[in-house]
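Notebook open, structure loaded. I want to jot down what I looked up, one entry at a time.

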Amino acid sequence: MPNTNNDKTLKSFFSSEYPSLKAYVHSKIKNTADRDAEDIIQEVALKIFSRSKNASPITNVTGFVYNAIKNKIIDTLRTKKNNLSFEEKTELKLVELSELIHENSSEIYSDNIKIELKKAIRELKPNYQSIIIAIDFEGYSYKEISYETGIPEGTLMSRRHRALSILAKKLTHKKRTTHLI
């Protein structure tokens with residue numbers, strides 16, 4: 001049975017929140033044209049509306065829509081990666097790493113979380129720092145690093161997993177103690 005309540009709720013949300021959605025996209029994609037922001041919002045809206053009739057009732061429309069837009073922004077940045085500046089690529093990598101650590105939390109785009117993440121990476125032991133930079137920022141594979149360093153792939157994977165765990169703990173602790181993030 002089609003869920004027309006979703007359609008009504010979504011139409012109301014998009015009508016009232018369009019300027020906020022556009023500002024959100026602009027804040028996440030620096031130097032974007034108005035057209036790009038509108039395209040992203042329209043693609044997300046089209047996808048959501050095309051599936052809303054057969055979907056379960058949406059209980060948190062705001063979270064649902066913003067999460068869908070966040071995912072579309074990441075997809076858009078990934079496809080434009082070759083045309084991005086070094087700073088934009090680094091920003092994208094920080095978002096991806098933050099998303100990995102926070103598992104799709106709404107906090108992943110926070111400027112404060114990015115600042116704290118950079119600081120936490122700098123504070124890692126050299127072995128942990130180098131694996132995070134090589135895998136998550138420079139795009140090397142475990143196999144490539146293993147070949148260059150002579151360190152077994154399993155050891156590299158363990159180091160990265162440990163580094164991600166340390167970063168997650170540091171950021172969680174920072175969040176609890178400062179309410180900054």
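Predicted model: local features only at pLDDT ≥ 70, side-chain atom pairs only at ≥ 80, totals over all residues.

**Entry 1: Ala68**

I began with Ala68, which is in contact (heavy atoms within 4.5 Å) with Val44 and Ile48, once its neighbours within four places in sequence are left aside. Ala68 sits in helix α3, residues 61-79. I took helices as DSSP runs of H or I with at least four residues, and strands as E runs of at least two, numbered from the N terminus. Is Ala68 buried, exposed or partly exposed? Its relative accessibility is 23%, so Ala68 counts as partly exposed. My scale for that: buried is under 20% relative accessible area, exposed is over 50%, and partly exposed lies in between, with a 1.4 Å probe and protein chains only. I also checked Lys47, which is 21 residues from Ala68 along the chain; their C-alpha atoms are 9.4 Å apart.

**Entry 2: ground rules**

Residues are numbered from 1 along each chain as its sequence is written, and side-chain values use heavy atoms, with hydrogens and water left out.

**Entry 3: the whole chain**

I counted secondary structure next and got 8 helices and 0 strands. Of the 181 residues in the chain, 38% count as buried. I also looked at contacts between residues at least 6 apart in sequence: 62% of them join residues at least 24 apart. The chain exposes about 11,000 Å², and carbon and sulfur atoms supply 52% of that. Those areas come from the Shrake-Rupley method with a 1.4 Å probe, and for residues only the protein chains shown count as cover.

**Entry 4: the cores**

Then I went after nonpolar cores, meaning sets of buried Ala, Val, Leu, Ile, Met, Phe, Trp, Tyr and Cys residues joined through side-chain atoms within 4.5 Å. Which residues touch the most other members of the largest core? I found Leu97, Leu117, Leu124, Ile131, Ile132 and Leu167, out of 20 residues in that core. Two or more residues each come from α4 (86-102), α5 (111-123), α6 (126-137), α7 and α8 (153-178). The largest share, 6 residues, is from α8.

I clicked on Leu97 for a closer look. Not counting residues up to four places away in sequence, Leu97 touches Leu117, Ile121, Ile132, Asp136, Phe137, Leu164 and Leu167. There is also a second, separate core of 18 residues, and its members include Phe13, Phe14, Val44 and Ala45.

**Entry 5: helix α7**

Helix α7 covers residues 142-149, and Tyr142, Ile145 and Ser146 are buried there. Looking down the axis of α7, I see its buried residues fall within an arc of 100° (taken from the directions from the helix axis to the C-beta atoms), so they line one face of the helix. Lys143, Tyr147 and Glu148 are exposed, on the face turned away from the buried side of α7.

I checked Ser146 on its own: at 16% relative accessibility, it counts as buried. Setting aside residues up to four places away in sequence, Ser146 touches Ile151, Pro152, Glu153 and Leu156. Just after α7, Gly150 takes a positive phi of about 80°.

**Entry 6: salt bridges**

Last, I searched the whole structure for salt bridges (a side-chain nitrogen of Lys or Arg within 4 Å of a carboxyl oxygen of Asp or Glu) and found 4.

- Glu38 and Lys22 form a salt bridge, with the closest N and O atoms 3.0 Å apart. Glu38 is in α2 (residues 34-52) and Lys22 in α1 (residues 4-28), 16 residues apart. Glu38 is buried at 19% relative accessibility, and Lys22 is buried too, with a relative accessible area of 19%.
- Glu43 pairs with Lys72, with the closest N and O atoms 2.7 Å apart. Glu43 lies in α2 and Lys72 in α3, so this pair ties together parts 29 residues apart in sequence. Glu43 is partly exposed at 43%, as is Lys72 at 24%.
- Lys170 pairs with Glu123, with the closest N and O atoms 3.4 Å apart. This pair links α8, which holds Lys170, to α5, which holds Glu123, and the two residues are 47 apart. Lys170 is partly exposed at 29%, and Glu123 is partly exposed at 47%.
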